[in-house]
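The entries below follow the order in which I went through them.

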Amino acid sequence: MAKKKIELGARIFAEKSEEYQTGSWRKEIPVVKNKEELNKYLEIALYCPEAAIVFVNKKFSHIDYKFCKGCGICANYLKKAIEMKRV
Amino acid sequence: MRTLINGNYAVSYAMMQINPDVCASYPITPQTQIIETFSKYVSDGKVTTENILAESEHSAMSACIGASAAGARVFTATASQGLAYMIEVLYIAAGLRLPMIMVVGNRGIGAPLLLHCDYSDSFLARDSGWIQIYCKDVQEVYDTTLMAVKITEKTKIPVMVMMDGFYTTHGEQVIDTLTSAQAKSFVGEKPSWANMLDSRITFGNVALTDSNLEVRERQFKDLRESNKSILGVQKEFNKKFGRKYGLYDAFGVKDADMVFVAMGSTYQVIELACKELRKKRKKVGCLRPRVYRPFPFEKLGRELKGKKIVVMDRAISHGAEFGPMGLEFQNMSSEFYNVVYGIGGREFGLEEARDLISKFLTGKQKKFQFYGLRADLEN
């Protein structure tokens with residue numbers, strides 16, 4: 001197994017930051033149930049503290065589960081489009 | 001050059017010679033003179049150091065952490081309650097592996113309020129992950145301050161240099177100082193380390209249950225192995241300037257029946273008393289741990305095996321079987337005694353050293369005792 005190196009003092013260099021995925025903390029996961037509804041509310045991307053809701057060309061693309069911590073802000077803001085489910 | 005100087009002035013003089021990038025500090029007895037004198041050097045333009053006069057020790061150490069993370073060569077000083085106040089951030093400096101040096105003029109911690117020497121303050125930071133070096137006199141303080149700069153930059157572990165409050169901080173002594181050129185060339189150019197200004201880097205990350213243990217194990221191993229770097233730097237210093245620094249000092253231990261273990265300035269009087277007794281053919285010896293963290297337990301264990309040892313503690317571990325030093329040494333020899341002495345700066349001079357040693361040579365003693373209690377005070 002390839003070992004992941006911990007840098008001195010647990011510091012993280014920007015080049016390697018993608019290796020440190022924080023999505024594993026999640027207790028609940030946001031599931032998209034209505035894509036069309038999501039496309040009407042682009043500001044939801046800004047509501048996400050982890051910038052894990054990805055829009056491409058103003059169209060909803062996906063939720064980045066590597067970094068989503070399952071806080072549920074998105075589901076609370078847009079109950080019609082997103083639902084939280086227990087992991 | 002021969003100079004008459006006290007411990008505090010020796011530290012600020014050494015720092016003036018190497019002109020560090022940042023000094024962030026807050027004055028507290030008995031190290032105030034360090035901050036005073038160094039600030040004067042700054043005002044007089046003798047150094048170009050960024051001198052941050054913080055509003056508290058907590059802020060001073062926090063500023064040191066920021067400066068070191070930005071790649072600066074950093075120095076500070078504190079004592080007693082001040083050290084206690086910065087304890088939280090001391091752990092952070094060590095955990096983030098930031099090079100810096102801090103000089104401590106040992107003074108007990110209140111209450112009751114006190115000003116004089118014992119080791120309650122720096123022993124509080126014993127487990128913080130800093131390297132701790134205890135000095136016996138002004139010469140050693142001066143030399144160790146310079147060596148500490150190199151040690152910390154080599155190991156990326158912060159270094160604490162201790163001297164006895166008032167005994168060493170204010171006691172004047174003629175010492176050999178280096179010329180500024182010698183001091184500068186010994187510590188050398190500051191090596192560059194990954195820092196917040198030059199690299200895209202995050203300090204102070206979260207390490208929860210999945211990785212904290214590994215980070216700590218690395219920190220533990222590195223501190224233990226730092227004695228190699230410490231020895232390396234000391235060897236270079238010894239060779240260049242004719243000194244004899246090791247991880248510990250010892251006198252007559254090899255053929256001694258009884259060995260007295262003491263730290264800091266106390267060792268001077270214990271050594272004198274032992275030398276007197278040696279002339280009378282008494283087989284006594286003494287030993288002084290200089291580097292207390294990393295603790296050279298293997299070497300000390302070999303030195304003290306099979307001997308009767310008396311470990312002198314200038315600090316109390318309330319509720320424990322022995323003092324902090326006693327706990328460290330209790331299993332190293334066949335016969336072990338622990339004496340708590342000199343708390344709050346209670347006088348322990350040559351007279352007391354002679355008295356203590358003769359007590360142990362002549363009669364049976366308790367395994368643990370307080371030495372020097374006044375007979376005319378009822379408690």
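**Entry 1: the model.** I am working from a predicted model. I kept that in mind for every entry below.

Entry 2: I then looked up the area. R200(B), N205(B) and R218(B) supply 35% of the area that chain B buries against chain A, more than any other three residues.

Entry 3: I counted one salt bridge between chain B and chain A. Its partners are R200(B) and E15(A). Their closest N and O atoms are 3.8 Å apart. For polar contacts between chain B and chain A, the count is six residue pairs.

**Entry 4: which elements of chain B touch chain A.**

Entry 5: I checked whether strands meet here. Strand β1 (residues 12-13) of chain A is joined to β9(B) by two bridges. The two strands run antiparallel. F13(A) stands opposite I201(B) of β9(B).

**Entry 6: strand β7 of chain B.** I moved inside chain B. Is β7 (residues 159-164) mostly covered or mostly open? It is mostly covered, with six of its six residues buried. I looked at which way they point. V159(B), V161(B) and M163(B) point one way from β7(B). M160(B), M162(B) and D164(B) point the other way. Both sets are buried.

I then traced the strands that pair with β7(B). Strand β5 (residues 101-106) of chain B pairs with β7(B) in the parallel sense over six bridges. Strand β6 (residues 131-134) of chain B also runs parallel to β7(B), joined by four bridges. M160(B) comes up in both pairings. M102(B) stands opposite M160(B), and Q132(B) has M160(B) as its bridge partner.

**Entry 7: two loop residues in contact.** I looked up S265(B) next. It lies in the loop between β11 (258-261) and α10 (266-279) of chain B. Its relative accessible area is 13%, so I count S265(B) as buried. Beyond its neighbours within four places in sequence, S265(B) is in contact with Y119(B), C135(B), K136(B), D164(B), Y167(B) and T168(B). I also noted a distance to D137(B). S265(B) and D137(B) are 128 residues apart in sequence but 6.1 Å apart in space, C-alpha to C-alpha.

T168(B) sits in the loop between β7 and β8 (172-176) of chain B. It is buried because its relative accessible area is 2%, under the 20% cut-off. With neighbours within four places in sequence set aside, the contacts of T168(B) include N6(B), G7(B), D137(B) and S265(B). K136(B) is in contact with S265(B) and with T168(B).

**Entry 8: cis peptide bonds.** Most peptide bonds are trans, so I noted the exceptions. A cis bond joins A111(B) and P112(B), with omega at about -5°. P112(B) lies in the loop between β5 and α6 (120-124) of chain B. Another cis bond joins R293(B) and P294(B), with omega at about 0°. P294(B) is in the loop between β13 (291-293) and α11 (297-304) of chain B.

**Entry 9: positive phi.** Most residues other than glycine have a negative phi. K58(A) has a positive phi near 65° and is not a glycine. It lies in the loop between β3 (53-56) and β4 (59-63) of chain A. K58(A) is exposed, at 64% relative accessible area. N19(B) also has a positive phi, about 50°, without being a glycine. Its loop runs between α1 (7-18) and β2 (22-25) of chain B. N19(B) is partly exposed, with 24% relative accessibility.

Notes: Residues numbered from 1 in each chain as written. Chains lettered and ligands numbered in written order. Predicted model: local features only at pLDDT ≥ 70, side-chain atom pairs only at ≥ 80, totals over all residues. Heavy atoms only, no water. Buried area = accessible area lost by both parts, 1.4 Å probe. Salt bridge = Lys/Arg side-chain N within 4 Å of Asp/Glu carboxyl O. Polar contact = N/O pair within 3.5 Å; in protein donor to acceptor, adjacent residues only side chain to side chain. Pairing = 2+ DSSP bridges. Buried < 20%, exposed > 50% of the residue type's maximum accessible area, 1.4 Å probe, protein only. Contact = heavy atoms within 4.5 Å.
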